[in-house]
Amino acid sequence: MPCNQESGCGSQVCRASIWHLTDPRLSYPTPRELLPEDEEALLTSAKEFLEHYYSSIKRLDTESHRARWESVRRDVHLTGTYDLTETELTFGAKLAWRNSARCIGRIQWAKLQVFDARHVTTAQGMFEALCNHIKYGTNKGNIRSAATIFCQRKPGQGDYRIWNAQLISYAGYRNMEDGTVIGDPATVEFTEVCQKLGWVGAGTRFDLLPLVIQASNRLYPEVFTLPPELVMEVPLHHPTYDWFAELGLRWYALPAVSSMAFDCGGLQFTAVPFNGWYMTTEIATRDLGDTHRYNQLEIVAKRMGLDTRTHSSLWKDRAVIEINAAVLYSYQKMNVTIVDHHTASESFMKHMETEFRLRGGCPAEWVWIVPPTSGSLTPVFHQEMVCYSLKPSFEYQEVAWKNFQWDEEDTNTGSALGLLAVGRSAGGRRVKYRFKEVARAVKFTSNLFGKALQRRIKAAILYATETGKSEKYAHMLAELFNHAFNAQVMCMADYDVINLEHEALVMIVTSTFGNGDPPENGEAFAREVRGMANNHHSHHPIATQPKYQLGSSKTGTPLLNRVLNRDQHSLRSFSFDQLQQPSVDSLGPLSNVRFAVFALGSSAYPNFCGFGLYIDDLLGSLGGERLASVICGDELSGQEQTFKSWAQQVFHTACETFCLEDDVNIDDVSATLRRDLITSDTVRFAIVNSQEKPILDIVAGLSQTHAKNVTECPVVFNVTLAKDIDGRKTVHVGLKITSQWINGTRNSATSAVTYEPGDHIGIFAVNDEALVTGLIDRLGINSTLPPDGPLQLQTLAEQKVDGGKTWQNQERLPACSFRTLLSHYLDITTPASQTLLALLAAHASSEEDKRRLQLLATDASEYEDWKHWGFPHLLETLLEFPSVAIDAALLVSQLPLLQPRFYSISSSPLIDPLQIDITAAVIAFKTQGGEGPMHYGVCSSYLSQVNEGDKIQCFFRSAPNFHLPTEIERPVVMVGPGTGVAPFRGFWQHKQALQSKGKEMGPMLLFTGYRSPDCDLFVEEKSTMVASGILDYAFLALSRHPPVRKTYVQDKLLEAAPLVYRMLTQQMGHFYVCGDCAMAEDVANTLRMVFQKAGGLNAEESDDFLMQLRNERRYQEDIFGITYRAPDTVNANRRQQ
């Protein structure tokens, strides 16, 4: 073995217990002055780090990796350096802790909270960041690991340095006459440096040292006294020796190293304070027990009555154990995080085992890992270790003040003023900051820390939506969180999931599509997070896994079906008894992420808020820490008020979590949710010159507004299929399509298939012309703006560059006429939200109108009664409150978008690949308990009035979980009362077309139900299908046709129980349900009864078999929501509550 002068190792002895291998990367660094790397070395290190980073996220050699590498190379060639992204920085810092060979507590490396402070350029700013670090890390005693990273070393610039070895430490005062020390002998030299800079301590054993900070742009350091209330200290007591308290010993709660550098990707960060929490022996054995520190062993031993004159009394051993007992007892009594050396050693062994499994090794320096007390009693003592250096890493660097060039003036002692900060101006002139200035700088106010944290702590707010409501709530949440955080709103579809594990704070606002599926723009996010969970659980089989099965407590309806991509290994395969917190040896990838979920939905669906519940459970299973339990907002009962209450709770908890509760006025900030963010002074309509700016046609405008592939389809026919004595009508509409209209389908030159039976079409309705004209008249548009001239909605926005304000086009609405906005883009039939009612109240001149509107806007119960009694559209609301005079632009800015309505396609492309049929029940109902005005469904009414040749704006939506089985010989059982028969018409047409080509499909059973025979749909066609053998059985249930006994499809299912059970069990058939959510729940319950009646299964076995069918994707649902029965549903829900 070669001799190593730095460590003192020779050819026959290793004094440092370090193996120095021939590879220079495998030798642990000694304290040194970091030298900047040349360009070639920098690029080599950067390339290696980026490969490591992109490998970790499974994107090595992808386009994004190559683009990032080219960007780094370009920056290095131009500037001599480059910047890490925030995600790369966080990844590197966590990895540096993981690579720290001298740290016994590395098992927690994934939970490191990284604060990016690279934007800070002044010593004052650094001090503010360090104060926040101390406050966050201390967390009232519940210590949290954190690192604050200041700007890296750059060519031609000075370093950012923190002169202190630790952010918190005690002074050591040397008596110049006898050499004795009051305080901590380890800090004597640095204490003298602080005194030279003008600081004067109280001269006690436990004086907190100030922070000495040097910014890159300053020639001289600046001194800042830590506010006493910021530093948590623990007076030491003994569990049995009362006299121990008389020793007057104490220690601080937070161990924060501040003198080391962070080396990552060839970049050197010279100011990177980081902290974990204490192990008992660090304080008791080393800080208090070492002879060159506080040297308390002999004092304690004598108070214990031990003979300190001879080693044979083992007084040192017995005294150090009691000091350890006192430290552990005192910290635990004050609820301050600390770990004993036995527990720490065992956790390190688990970490080491995991590292060998995942990385093939674990760098460890034996002399640092083995505790200084009872070492041989811990497992690490007997463990062979290899010490080597990996990058990224925390490195020792020369002590900042050792080689500092003091001028002659500095040789004098500082001012006698107690709290004095001394610095230099940019030109080197000495500057003195008096007490008031320092006190003002360190005062904890919302301005100081609010602004600092707004730049530093990112709050990622992710939403997924079908109607836009989740997006609206997400932006409301961002307005609230921006008072203390850097809130960034993103659609799940636009979010890169690789960033998720490096986020500090994540809020999810999401709706659920149908009966448990994700919104379309949430599918990829769910799939990728599920992949993250699969990968984690494959490496950590004992780690927490999600308990929430993909089904609700009511019916177990499938959830996230579209996410599964027809993979039989569905998310449902993960089911566990209870959700547990991850143990320290199985920390999930999101163990450092705090999150909260607000789920939107309708309680009319059996799988109420299913997707939001699933995401909450999934994030928790990956180790995420909940800020609050998931909350479900019911669109049928006070959803907006529920959201506002949740938002305030989560904001308050987030502020507490990041130690901001004292710095933010929660009540004032919460008022954000109650005030109007847009006023008549900040929104307007601008008249557009169509010659200067082209006006989009309806198709292009809808495509842009809704981010859909919208097209126009001419109407081929529109016929009335059925009409009962009560006037209920069902229409059958045919649309001509082009072979290329479905974006992303399997079209090819040899295939004319444009869709599959079971798929959906999204229809953009047009609002009733009389309603639109009534609103134009009520708002007085004719007297202020041209209702049919092109207008552009604009808002007054602040410029980020100069802080000025300018009018900007509101992106969600295109330039068009006011009439077109009301007709095609805005929802004017849904009852006004409570937020909109509050806005109307602010513009009501009548006190009675104002009082009533304010009541509706604030009282959820009153609002729900008003909403479901009259179901008033916008014109009715404005007429109900005649004194409301609101600017049209302001009103339009607050109205929701008119959302598309989805219909199951009721045809097969094998019959005509260029035609799609729609079957729609026309919704018409009287409000106010049947005594009010007639209201109509927006889209169904629109469809009932279109004529042949009219063009309808629409788009395609695949429904892969409601397609016919790929094994066409399997039986198909179809249950579709009312217009639920629509997709099944496509099914039987498909079978008819295949059989005409000589292909045999399995048997088909159809169960339909109507009030009376007059309502029966496709009567002749069904008869023909039965006669030709396409439909093996067609069961019809009639519920309002005396003297025939009232029956429902559920009754017919029970009658055919043996046949249905045989098809599902012996022939591996598929069961399809299409209809409203209440019916679907009843059918699921009836099917359980079928299993019990025909198969002899008990209740539990029936549940299991139904779940099996779902897992095998042989029980499939296409469920739509409630319509005019909403008031009944709401009242039923209230009774249940």
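## Nonpolar cores

The largest nonpolar core of this predicted model comprises 57 residues, and those with the most contacts inside it are Met126, Phe150, Phe244, Trp251, Leu288, Val327 and Tyr331. A nonpolar core is a set of buried Ala, Val, Leu, Ile, Met, Phe, Trp, Tyr and Cys residues joined through side-chain atoms within 4.5 Å. Buried means under 20% relative accessible area, exposed means over 50%, and partly exposed lies in between (1.4 Å probe, protein chains only). At least two residues of this core come from each of α4 (123–138), β6 (211–214), β9 (250–252), α6 (280–287), α7 (297–303) and α8 (315–333). Helices (H or I, at least four residues) and strands (E, at least two) are DSSP runs, numbered from the N terminus.

Apart from neighbours within four places in sequence, Val327 is in contact (heavy atoms within 4.5 Å) with Leu236, Thr280, Ile283, Ala284, Leu288 and Ile338. A second, separate core has 49 residues, including Phe685, Leu836, Leu840 and Ala888. In soluble globular proteins, nonpolar side chains tend to be buried together.

Helix α3 (residues 86–98) has 13 residues, which at 1.5 Å a residue should span 18 Å; its end C-alpha atoms are 18 Å apart, in agreement. The expected span is 1.5 Å times one less than the number of residues. Because 12 of its 13 residues are buried, α3 is largely enclosed by the rest of the structure. Among these buried residues are Glu88, Phe91, Lys94, Trp97 and Arg98.

Cys103 lies in the loop between α3 and β1 (113–116). Cys103 is partly exposed, with a relative accessible area of 22%. Leaving aside neighbours within four places in sequence, Cys103 is in contact with Trp97, Phe348 and Ile369. An unreviewed UniProt entry annotates Cys103 as "binding site"; such annotations may be inferred rather than shown by experiment.

## A parallel sheet

An open sheet is formed by 5 strands in the order β39-β38-β37-β40-β41, with parallel pairing. Two strands pair if DSSP finds at least two bridges between them. The edge strands, β39 (1033–1038) and β41 (1115–1120), each pair on one side only.

Strand β38 (residues 1004–1010) pairs with β39 over 6 bridges in the parallel sense. Leu1005 has Tyr1033 in β39 as its bridge partner.

## Basis of the model

Residues are numbered from 1 along each chain as its sequence is written. This is a predicted model in which local features need pLDDT of at least 70 and side-chain atom pairs count only at pLDDT 80 or more, while totals for chains, interfaces and linings use all residues; side-chain values use heavy atoms, leaving out hydrogens and water.
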